[in-house]
Amino acid sequence: MLLGAGRLLCSDRRRPGSAHEAFFREVWRELPAVRRVFGNSPWRGHRRSARRTPGSAMEPCAEPPLFTFGVIADVQYADIDDGANYTRTRARYYRNSVRLLRRACRAWSEEDVRPRFVLQLGDVIDGHNVKHGASERALETVLRELDGCPAEVHHVWGNHEFYNFSRDALLASALNSARLGDGRLARPGDMYVYHFSPAPCFRLVVLDAYDVSIIGRDETSEKYEEAASIMKEHNSNPDLNHPPVTHGLEQRFVKFNGGFSQDQLQWLDEVLSLADTNQEKVIVVSHLPVHPSSTDPICLAWNHSTVLSILHSHSCVVCFIAGHDHDGGYHQDELGLHYLTLEGVIETPPHSDAYGTVYVYKDHMFLKGRGRIEDRVLRYPDHVNG
C-alpha cells in the first residue's frame with residue numbers, strides 16, 4: 001500500500017514556532033545577501049554545538065589537501081510540479097532538484113583539485129515516483145546527471161530508495177556502489193554496508209540505516225519482525241509515520257526511520273578495530289543521523305545511542321556524515337567527534353544550492369559549502385590516530 005504524499009519524508013512534521021517565525025525563516029532563506037552578512041541561519045541553536053570554534057568558517061589551507069570529496073543529500077527528484085511538505089510549511093522543488101544536482105556535478109568538474117569521489121547521501125529520487133509508475137525513469141535521469149561527476153559516486157540508501165524499490169532490486173541496481181569497497185571484512189548477509197580507503201591513512205565506512213526497518217525489509221523476514229516489534233513497543237498510532245510524542249527523542253520511532261542490526265554493529269566494530277590497528281582516520285556515513293544534537297529528534301536512527309557507543313570505543317573516528325533532515329545540522333561532542341547533517345536539495349530554491357566539497361588535510365577537514373550549506377572547519381579529535 002502506497003504511503004500518502006505527506007508521509008514520505010523525515011521533515012514532514014509540524015515544527016514548533018509562531019507564524020511570524022515561519023515568515024522570517026522563509027525571508028531568511030530567500031535573501032542570500034542577508035545571509036552573507038549575518039550567517040546562514042539564526043534559528044538552529046538546538047542543532048549547533050555551543051563550541052563554535054571547531055565549526056567556524058575559514059578558507060581552505062594554502063597547502064594542497066591530501067584529497068577532496070563531494071557531498072550532496074536528499075535530491076528526491078520527480079518529474080512533477082513543485083509541491084510542499086505535509087504541513088504545507090515549506091516548498092519542495094521536485095523538477096529543479098535535478099538541475100541543482102547537475103550544477104553540483106559541473107562545479108566539482110571545474111574545481112582545481114578534482115574530488116577523489118562523491119558521496120550521495122540517500123533519497124536520490126522521491127517516493128512520489130511510485131504512484132506515477134516513474135521510479136525507473138526518475139532513477140535513470142539522476143544517474144545520467146551523476147555520470148557527469150568527475151569521480152566515482154558512492155551511494156547511501158535512504159527511505160525514498162525503499163519507497164521506490166525492494167532491497168533485492170537496489171542490490172542489483174546502479175545504486176549499489178559496494179563494488180567500490182575494500183574486500184576485507186565483507187558484509188554479512190544482504191546488508192548494504194562497505195568500507196574503502198580513498199587515500200593512505202584514511203577510511204570511509206558506509207552504513208545501512210534501514211537494515212532493521214519496516215520499509216527496508218520484506219514482511220516475511222526476521223528483521224522486519226524485529227522492526228515491527230520495536231514500533232509496537234514505542235508507537236501506538238494508526239499511522240506509524242506519525243511520531244508517538246510531540247517532543248523528545250521518542251519521536252524517532254516512526255516508519256520512515258530504521259535501525260542497525262546487531263550483525264551490522266558487530267561488523268562496524270570490526271572495521272573500526274582494523275582502522276585502529278592501521279592507524280587510519282575514519283569517516284562514517286549513513287542516511288540517518290545518530291547524534292541527537294545534529295538533527296531534529298524525529299530524524300534519528302532508532303538505536304543511535306548504540307552506534308555512538310561503538311564510535312566512542314575507537315580511536316580512529318573523526319566524523320559522522322548523514323542526510324535525511326532537510327534543515328541540516330552540526331554538532332561536536334565531548335570527545336571531539338563531528339556530526340554533520342547535510343541540508344537537502346529537495347527544499348532548496350532554484351536560485352540557491354545545497355552541496356559541498358570536503359578538503360581533507362593531515363589534521364583537519366574543511367567543508368566548503370555552497371548555497372544553504374555552511375563552511376566548516378572540522379579538526380580531528382586529540383586522541384585520533386596519527
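This briefing describes selected strands, helices and loop residues of one predicted model.

Residues are numbered from 1 along each chain as its sequence is written. Because the model is predicted, local features need a pLDDT of at least 70 and side-chain atom pairs count only at pLDDT 80 or more, while totals for chains, interfaces and linings use all residues, and side-chain values use heavy atoms, with hydrogens and water left out. Helices (H or I, at least four residues) and strands (E, at least two) are DSSP runs numbered from the N terminus.

**The open sheet**

- An open sheet of mixed pairing is formed by 6 strands in the order E6-E7-E8-E9-E11-E10, where two strands pair if DSSP finds at least two bridges between them.
- The edges of this sheet are E6 and E10, each of which pairs on one side only.
- On average, and with direction ignored, neighbouring strands of this sheet are turned by 15° against each other; axes are lines fitted to C-alpha atoms, for helices over the stretch in contact, and angles run from 0 to 180 degrees between N-to-C directions.
- Strand E11 (residues 338-341) pairs with E10 in the antiparallel sense over 4 bridges, and Leu-340 in E11 stands opposite Tyr-330.

**Helices H9 and H10**

- Helix H9 (residues 262-277) lies across E6, E7, strand E8 (281-285) and E9, and runs at about 175° to E7.
- The axes of H9 and helix H10 (residues 304-312) come within 10 Å and cross at roughly 15°.
- That crossing makes H9 roughly parallel to H10, given that angles under 35 degrees count as roughly parallel, over 145 as roughly antiparallel, 65 to 115 as roughly perpendicular and the rest as oblique.
- The crossing of H9 and H10 is right-handed; a crossing is right-handed if the near helix is turned clockwise from the far one by less than a right angle, and left-handed if anticlockwise.
- Leu-265, Leu-268, Asp-269 and Leu-272 of H9 make the contact with Thr-306, Val-307, Ile-310 and Leu-311 of H10, contact meaning heavy atoms within 4.5 Å.

- Strand E13 (residues 364-371) is mostly covered, with 6 of its 8 residues buried; buried means under 20% relative accessible area, exposed over 50%, and partly exposed in between (1.4 Å probe, protein chains only).
- Strand E12 (residues 354-360) runs antiparallel to E13 and is joined to it by 7 bridges, and a hairpin of 3 residues links E12 to E13.
- The bridge partner of Thr-357 is Lys-368, in E13.
- E13 is also joined to strand E14 (residues 376-379) by 4 bridges in an antiparallel arrangement, through a hairpin of 4 residues, and Phe-366 stands opposite Val-377 in E14.

**Loop residues**

- Asp-325, in the loop between strand E9 (317-322) and strand E10 (329-332), counts as buried because its relative accessibility is 0%.
- The side chain of Asp-325 makes a polar contact with the side chain of Thr-295 at 2.9 Å and reaches the backbone nitrogen of Asp-327 at 3.0 Å; a polar contact is a pair of N or O atoms within 3.5 Å, where within protein one must be able to donate a hydrogen and the other to accept it, and residues adjacent in sequence count only if both atoms are side-chain atoms.
- His-324 is found in the loop between E9 and E10, has a positive phi of about 75° although it is not a glycine, and counts as buried at 1% relative accessibility.
- Cys-201, in the loop between strand E6 (194-199) and strand E7 (202-206), likewise has a positive phi of about 75° without being a glycine, and counts as partly exposed at 43% relative accessibility.
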